[in-house]
Amino acid sequence: MIEPVLTYYQLGTAVQAFSTTRHGGVSKGNYGEFNINEYCGDAPEAISENRKALSASLKIGLDHIIMPHQTHGITFREIGPEFFALSENTKRMLLEGVDGLLTSLSGVCIGVSTADCIPVLLYDEDHHAVCAVHSGWRGTVQYIVLKAVAEMREAYSSDPQKLKAIIGPGISLENFEVGPEVYEQFASNGFDMSLVARKYEKWHIDLPECCRIQLIGAGVSPQNIQKADVCTYSHADDYFSARRLGIQSGRIFTAIMLQ
């Protein structure tokens, strides 16, 4: 049996949080080796084998690995007990166009797919609840991470000050070059560009810092925020990077599961 190589994050004893790497699977080429995202063009049989390996590693059923079909929006979906009684088609429909997941169920692994975008995980120890967020630049500029904290408050009465957060692997400021139209979207949406942007030959934006600022703005204590500090573009041998490998390549799965 293949064994996926995972990067783990320490959030507490009652929760497991991780990002997949490119290692420990059967996918080939720019999908190699470990990819479980079915929306990026990888071979279905390879995805299936990789998913089986991950479920075995996590000691949960295949249907308890939940991944949405992200569309760079700010829609969230809560996964409750009733989700598992639905047909596969209905489950797929409910996960379409979703960029954030929440659950308070133990043994359910929720996660998001990235390959330069920023994954963010939230853990509420007091209310035994978790959230996974896909924050690409389009979601970031729409304050999806700020919304994630609000979703946790509404669904589980989470106290933002007690939330623990992980900002996972993603592209760094040094490598995230943007056009003037993207810079202007951030500026016009109220971001302090002196904190999140830098001019080289062109503008560069610091997406991980944008996420950190949103977490703090939502009330999360700075000491409760961990940053992976891994640039996917610079470390494309270990993590997928769409800017280095092209869109037809694998995706990192950054996920969280209550024990």
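Predicted model: local features only at pLDDT ≥ 70, side-chain atom pairs only at ≥ 80, totals over all residues.
Student: Do β9 and β13 pair in the parallel or the antiparallel sense?

Tutor: On its β7 side, β9 runs antiparallel, with four bridges joining the two strands. There V120 has I167 of β9 as its bridge partner. I167 also stands opposite K227 in β13. β9 and β13 (residues 225–227) pair over three bridges, and the sense is parallel.

Student: Is A165 buried or exposed?

Tutor: A165 is found in strand β9. Leaving aside neighbours within four places in sequence, A165 is in contact with L11, L121, L122, L215, N224, I225 and Q226. Its relative accessibility is 0%, and the cut-off for buried is under 20%, so A165 counts as buried.

Student: What distance separates the C-alpha atoms of A165 and P222?

Tutor: A165 belongs to strand β9. Along the chain, A165 and P222 are 57 residues apart. The separation of their C-alpha atoms is 9.3 Å.

Student: Which element gives the largest share of the largest nonpolar core?

Tutor: This core has 38 residues, of which L122, F186, I205 and L215 touch the most other members. Elements that each supply at least two of its residues include β7 (118–124), β8 (129–135), α3 (137–141), α4 (144–156) and α7 (207–217). The largest share is six residues, and it comes from α4.

Student: How many residues are in the second, separate core?

Tutor: The largest core holds 38 residues. The second core includes V15, V98, I110 and V112. Its residue count is 21.

Student: Which strands stand at the edges of the three-stranded open sheet?

Tutor: The strands of this sheet pair in the antiparallel sense, and their order is β10-β12-β11. An edge strand here has a single partner, so one of its sides is left without a neighbour in the sheet. The edge strands are β10 (177–178) and β11 (197–199).

Student: Which residue in β12 is the bridge partner of A197?

Tutor: β11 and β12 pair in the antiparallel sense over three bridges. The residue in question is also one of those that touch the most other members of the largest core. Beyond neighbours within four places in sequence, its contacts include L173, F176, V178, Y183, F186 and A197. The bridge partner of A197 is I205.

Student: Which helix packs on the sheet, touching β10, β11 and β12?

Tutor: The three strands touched form the open sheet β10-β12-β11. The direction of the helix makes about 50° with that of β12. The helix is α5.

Student: Is the aromatic pair of F83 and F84 edge-to-face or stacked?

Tutor: A search of the whole structure finds seven aromatic pairs. In this one the ring centres are 5.5 Å apart and the planes are at 85°. Planes over 60 degrees apart count as edge-to-face, so the pair of F83 and F84 is edge-to-face.

Student: What is the angle between the ring planes of Y183 and W203?

Tutor: Y183 lies in helix α5 (residues 180–188) and W203 in strand β12 (residues 203–205), 20 residues apart. Y183 counts as buried at 14% relative accessibility, whereas W203 counts as partly exposed at 26%. The rings are stacked at 4.1 Å centre to centre, and the angle between their planes is 25°.

Student: Which residues form one aromatic cluster?

Tutor: Two of the members, W137 and F186, are also in contact with L207. L207 lies in helix α7 and counts as buried at 2% relative accessibility. The cluster consists of W137, Y143, F186 and F191.

Technical notes
Residues numbered from 1 in each chain as written. Heavy atoms only, no water. Phe/Tyr/Trp six-rings, centres within 6.5 Å; stacked < 30°, edge-to-face > 60°. Buried < 20%, exposed > 50% of the residue type's maximum accessible area, 1.4 Å probe, protein only. Pairing = 2+ DSSP bridges. Contact = heavy atoms within 4.5 Å. Axes fitted to C-alpha atoms, helices over the stretch in contact; angles between N-to-C directions. Core = buried A, V, L, I, M, F, W, Y, C linked by side-chain atoms within 4.5 Å.
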